[in-house]
Amino acid sequence: MTAQAWLALLIFLAVLTALAYPLSIYISRIADPLPIGGIAGSIEHAIYRVAGVDSKDMTWTRYAICLLLFNALGVVVVYLVQRLQLWLPLNYQHLANVSGDSAFDTAVSFVTNTNWQGYAGESTMSYFTQMLALAVQNFLSAATGISVAFALIRGFARRSAAGIGNFWVDLTRCTLYLLLPLSLLVAVLFMAQGAIQNFDDYKQVRTLESLTYAQPKVDAAGMPLKDAKGDPVTESVTTRTQTLAMGPVASQEAIKMLGTNGGGFFNANSAHPYENPTPLTNFVQMISMFLIPAALCFVFGRMLGDTRQGWAVYGAMTVIFVGMAILALWAEQQANPLLVRMGVDQTHGILQAGGNMEGKETRFGITASALFATITTSASCGAVNAMHDSFMPLGGLVPMWLIQLGEVVFGGVGSGLYGMLIFAIMAVFVAGLMIGRTPEYVGKKIQSFEIKMTSIVILVTPLLVLVGTAVAVMTEQGRAGIFNPGSHGFSEILYALSSAANNNGSAFAGLGANTPFYNMLLAVVMWFGRFAFIVPVLAIAGSLAGKKRIEVTAGTLPTHGPLFIALLVGTVVLVGALTYVPALALGPVIEHLQLLAIH
Amino acid sequence: MDLLYPAVLALLLLATIALIKGCAALERRK
């Protein structure tokens, strides 16, 4: 690892902590049921009046039903806007209505905060669809995640209470007081740095040189054509013109990162200069992905009245993140043995980045790409500034495994914290089994019901990933989408299912996933990865809220010190390792060994 | 407009409501 990489990692963590802690004070106030005064408070109450919202506390079942119906309505709206976009305003490129399977996949994807994109934004979605369907869901899906985190924290903090908060109040406050102002601030910064924000027609420009490139050939259904050996068939294309896509990018970019959504305005996502124009915007994008998830750790401590608990969760997340970031940064700085054999100089120096530059933006280089990849997959964001498919096998294993851990290393806004707190419950349960005591966490007894719900949460995503991958590799429609046969093709499918089930949304590319088969499979996986996870979390919140808080005694396991951090890290890593190592061995591990064999 | 995808959404919704009911039933039995 280079000195620059160490420095980047250190500065990133320092800036993140310095911003997240004060933000947590502000977010704690939003989570507090006390009314907020001033103009903002008036707007909030006007929204409740217009919507007919009763802001009383809800039981967990009522909270869950409201959340579910609201999100299902979101799927219907996003689906309809895509299907009708040709006749809706702001479609200057006359883009066709999106096909049913792709529209359904995208609707579920944006509502579940996954933002998996089987389409290319600039050639598929009108400005109206981008703004009124996709960007709106970027706000609402993020607010939904934070609301569930608030509900779970209240479950721990309240004593003998029947309710866990009000979904409509949480949703409105998160959107109005947190996501909108932060997005406005970050969007203006992005515009100042050169991110575009307009409603212009796309521009045709003549390039200085003619460009010739190899393009994979596809059949009428959009599937890759393959030769007798199973390799993709390509055709040579030469061009001297380029189409520059325009659009209201900066405003969508801000919430894309802050809400850990990750769905790019353009197909190239954050590698595109109009989405991510400078090293400063790249740094702000990385900070934005972790800002709210990191702040929510401290919110947890503040709402419990014991900030040490928040620091412990933050510490456990940081330990895993730093370990994985170091592995990714190291792996990407290594020379590719295949290129070494061809005599290519890949050493790091003043004049070249060295290491593996394939699939990376030269504007960002190895450090900013590997760090971005680690952050975007630790958080369930899924924005990319480099192509993960082109990472070295171990470099590619890092994002994939971080996703498979359940997106709990900072994770998605809200979902990262509630996912990590579920692992904390599992950790105290394991510790309780070892010492023969009834487990308790932050003053609440953990009993049979909470462990049953925890088991559902921990088992549901691996079930979706592994069964989904098995279905894809065993069926003709699943294998037909593979551009790269062999272990790398398996990695691409495993990554796609991992990304969908854990609501990340990034891709290993190289997989033709915009087909009826993958659109349906991934939509079902994304839905259950989100809501079959949230329902038991809310059930735990409701059960815990009804319990008394028990006092700390000499026999209580301290959950704020290094011992508990180590226990929590061990639980997350062991569950992740035991569940996915066999599948990873068939993909990135084999690829790595194949490269070593060549060396 | 095809009806397959709205039907799939309805099924997903019903399955998740069944999960809520199942979890609530488990809670009552505790």
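Modeller: Start with buried area: it is the accessible area, taken with a 1.4 Å probe, that two parts lose on being put together, summed over both. Keep in mind that this is a predicted model.

Biologist: How much area do domain 2 of chain A and domain 3 of chain A bury between them?

Modeller: About 560 Å², with carbon and sulfur atoms giving 68% of it. The domain assignment puts domain 2 of chain A at 203-244 and domain 3 of chain A at 297-598, while domain 1 is made of 23-196 + 254-276. Six residues of domain 2 of chain A and eight residues of domain 3 of chain A take part in the contact.

Biologist: Which residues in domain 2 of chain A lose the most area to domain 3 of chain A?

Modeller: A:Met223, A:Pro224 and A:Lys226, which together account for 66% of what the side of domain 2 of chain A buries. By class, the residues on the side of domain 2 of chain A that touches domain 3 of chain A are four nonpolar, one polar and one charged.

Biologist: How many salt bridges are counted between domain 2 of chain A and domain 3 of chain A?

Modeller: The count is zero. For polar contact, one residue pair is counted between domain 2 of chain A and domain 3 of chain A, with both residues at pLDDT 80 or more. The C-alpha centres of these two domains lie 34 Å apart.

Biologist: Now the chain interface. What area is buried between chain A and chain B?

Modeller: The area is about 2200 Å², and carbon and sulfur atoms give 84% of it. The contact involves 32 residues of chain A and 19 residues of chain B. On the side of chain A, A:Phe104, A:Phe449 and A:Trp527 supply 21% of the area buried against chain B, more than any other three residues.

Biologist: Which elements give two or more residues to the side of chain A that touches chain B?

Modeller: They are helix 3 (60-83), helix 4 (100-111), helix 15 (448-474) and helix 18 (516-545) of chain A. Helix 3 of chain A has the largest share, with 12 residues. The residues on the side of chain A that touches chain B divide into 24 nonpolar, four polar and four charged.

Biologist: How many residue pairs are in polar contact between chain A and chain B?

Modeller: Three, again with both residues at pLDDT 80 or more.

Biologist: Next, single residues. Is A:Gln85 buried or exposed?

Modeller: The cut-off for buried is under 20% relative accessible area. A:Gln85 has 0%, so A:Gln85 counts as buried. A:Gln85 sits in the loop between helix 3 and helix 4 of chain A. A polar atom of the side chain of A:Gln85 lies 3.0 Å from the backbone nitrogen of A:Ser126. Leaving aside residues up to four places away in sequence, A:Gln85 touches several others, including A:Asn91, A:Leu95, A:Val98, A:Thr124 and A:Thr129.

Biologist: And backbone angles?

Modeller: Most residues other than glycine have a negative phi. A:Ser160, not a glycine, has a positive phi of about 45 degrees. A:Ser160 is placed in the loop between helix 6 (127-157) and helix 7 (167-193) of chain A.

Biologist: What is phi of A:Glu407, and where does A:Glu407 lie?

Modeller: Phi of A:Glu407 is near 55 degrees, a positive value. A:Glu407 lies in the loop between helix 13 (393-404) and helix 14 (415-435) of chain A. A:Glu407 counts as buried because its relative accessibility is 2%.

Notes. Residues numbered from 1 in each chain as written. Chains lettered and ligands numbered in written order. Predicted model: local features only at pLDDT ≥ 70, side-chain atom pairs only at ≥ 80, totals over all residues. Heavy atoms only, no water. Domains from an automatic or database assignment. Contact = heavy atoms within 4.5 Å. Salt bridge = Lys/Arg side-chain N within 4 Å of Asp/Glu carboxyl O. Polar contact = N/O pair within 3.5 Å; in protein donor to acceptor, adjacent residues only side chain to side chain. Nonpolar A, V, L, I, M, F, W, Y, C, P; charged D, E, K, R; others polar. Helix = DSSP H or I, 4+ residues; strand = E, 2+ residues; numbered from the N terminus. Buried < 20%, exposed > 50% of the residue type's maximum accessible area, 1.4 Å probe, protein only.
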